[in-house]
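Q: Please take one part of this structure and walk me through it closely. I am new to it.

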Amino acid sequence: MRLQGRPLDCGPMGYLKAFHVAFLFIWLGGLMGLSRFLGYHVAEDAHTRERLTRIEKRIYFFVTLPGAIMAISTGFLLLMGVGRDMETAQALRYYMVPSAPENVFWRATFHAKLTSVALLIGCDIFTLTQILKLARGGEMPSRLRFSILHGVEALLLIVILILMYGQPMVRS
């Protein structure tokens, strides 16, 4: 089956990519929602903060964290070549090797994606530490911190999607 001159990838690889993107959206949606919740959290009274803490923990542990684990797991499966023919699967493993002769521009895009995901994991860890700190009744940070976090997460989403689908560093 073809769509605008390109074959549709309907095999196992296509499903794996679809799940990877879906889990990425779940992960980022949870993080972006939590950054807004945390911003509201610091501006509320003690009783409301207690209720918000329970909500934040539920969102993190039941939505965001599973989304992160599944997005990273499916990304790793894609990297290992699951669902591809053996020749292509072997070629994928060379992206991590600096001396690999394959398409250098694609490798640059791949490493930019990995860097973006590493930053996203950093945002995730920071969000968790803030949730736990606020749950213990620690010092209230400013709302600006969480507004900046929200913007960084949105920027990472845009960068990751451009790198996934636009592949700006790939030479035709």
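**A close look at helix 2**

A: Helix 2 is followed by Gly 81, whose phi is positive, near 85°. First, the ground rules. This is a predicted model, where local features need pLDDT of at least 70, side-chain atom pairs count only at pLDDT 80 or more, and totals for chains, interfaces and linings use all residues. Residues are numbered from 1 along each chain as its sequence is written, and side-chain values use heavy atoms, without hydrogens and water.

Helix 2 covers residues 46-79, 34 residues in total. Helices here are DSSP runs of H or I, at least four residues, numbered from the N terminus. From first C-alpha to last, helix 2 reaches 46 Å, close to the expected 50 Å. That expected span is 1.5 Å times one less than the number of residues.

Helix 2 has a kink of about 35°, centred on Tyr 60. The bend at a residue is the angle between axes fitted to the seven residues ending there and the seven starting there. Tyr 60 is also one of the buried residues of helix 2. Others listed include Leu 52, Glu 56, Thr 64 and Gly 67. Buried means under 20% relative accessible area, exposed over 50%, partly exposed in between (1.4 Å probe, protein chains only).

Asp 45 caps the N-terminal end: a side-chain oxygen lies 3.1 Å from the backbone nitrogen of His 47.

Glu 50 forms a salt bridge with Arg 54, with the closest N and O atoms 3.8 Å apart. The term requires a side-chain nitrogen of Lys or Arg within 4 Å of a carboxyl oxygen of Asp or Glu. The whole structure has one salt bridge. Glu 50 and Arg 54 are separated by about one helical turn because they are four residues apart in helix 2. Arg 54 counts as partly exposed, at 41% relative accessibility.

Key
Helix = DSSP H or I, 4+ residues; strand = E, 2+ residues; numbered from the N terminus. Polar contact = N/O pair within 3.5 Å; in protein donor to acceptor, adjacent residues only side chain to side chain.
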